[in-house]
Amino acid sequence: MKWNFTPQLPSQVETEVTQRDQFSNDELQLSQTIVRESIQNSLDAGSHDDSQIKVTFRWLDKSNGLSSEFLEKLFDGQINHAEEAGLSVENVDFDDPRALVIEDFGTKGLTGSVNEKDDDNFSDFWRRHGKSHKTGRSRGRWGLGKLVYSTTSQLGVFFGATIRAGDPDLKVMGQTVLNLRTVDGREYPPHGFFADIEGDTPYTEMPVPLKDKQLINQFMDQFSLERADHTGLSVIIPFPNPDFNQDSMIAVAIENYFYPI
């Protein structure tokens, strides 16, 4: 469909993503980390008009209308990269489609330019790794915290759909974060995008939100997004870790966010 991978240039230093152990280790489960990081970022993205912030976590499968065919098309062009990156793609059953959807409400969404790099939330979320522009009392750090989304997926993929104040159009993109790999004789860095591309040369190309309205509507329908005209961010994680402990997720939400609630 829309996967875009830029080969590693010979002059570039190879950089591996080594921070995944921060989100799953002997002291911390991935199912706990994703609750903490997701809610942190939603609290930081409050709309500042005293709106109540709401964050929902939902699991989807065939019983919710999730289509095997749709997911197979979404991963066309990505799954070979995932396999070469060392992920166990043979453990992913497209006949049993699953997804974890995290949505926040009462937030301002991913603000800023969608087709130019700036210092706002959209660029911080999609175009930066290890760096963000959160300051002061911000709880989360999108510089690394968002890595938990791709780490949660068995195929290293997440999608985001956002509506911002004053902009009613749903902005949808996807990202995969994999190990360094060689595909068809070419080396590739960790990040790749599910997006449209603007720009004519490798020096000006920029991944931008999908422009295909039919595909955007499919995202809304397949993943049962409750975005509609509510500002905020929806994060879609296909094929989430099957060992997730939902009781642990509830416990960590209470432990970390009793006072904000």
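The model is predicted. Strand β3 covers residues 99-105, and seven of its seven residues are buried.

**Strand β3 and its partners**
- Ala 99, Val 101, Glu 103 and Phe 105 point one way from β3, while Leu 100, Ile 102 and Asp 104 point the other way.
- Whichever way they point, these residues are all buried, Glu 103 and Asp 104 included.
- β3 pairs with strand β2 (residues 54-60) in the antiparallel sense, over seven bridges.
- Leu 60 has Ala 99 of β3 as its bridge partner.
- Strand β11 (residues 232-238) also runs antiparallel to β3, joined to it by five bridges.
- Here Glu 103 finds its bridge partner in Ser 234 of β11.

**The largest pocket**
- The lining is made up of 15 nonpolar, 10 polar and seven charged residues.

**The second largest pocket**
- Its lining has 17 residues, with Ile 39, Ile 53, Lys 54, Val 55 and Ile 261 nearest the centre.
- At least two lining residues come from each of α1 (30-44), β2 and α8 (246-257).
- α8 gives the most to this lining, with five residues.
- By class, this lining counts 13 nonpolar, three polar and one charged residues.

How values were computed:
Residues numbered from 1 in each chain as written. Predicted model: local features only at pLDDT ≥ 70, side-chain atom pairs only at ≥ 80, totals over all residues. Heavy atoms only, no water. Buried < 20%, exposed > 50% of the residue type's maximum accessible area, 1.4 Å probe, protein only. Helix = DSSP H or I, 4+ residues; strand = E, 2+ residues; numbered from the N terminus. Pairing = 2+ DSSP bridges. Nonpolar A, V, L, I, M, F, W, Y, C, P; charged D, E, K, R; others polar. 1 Å grid on protein atoms, 1.4 Å probe; cavity = no way out; pocket = protein on both sides within 12 Å on 5 of 7 lines; lining within 4 Å.
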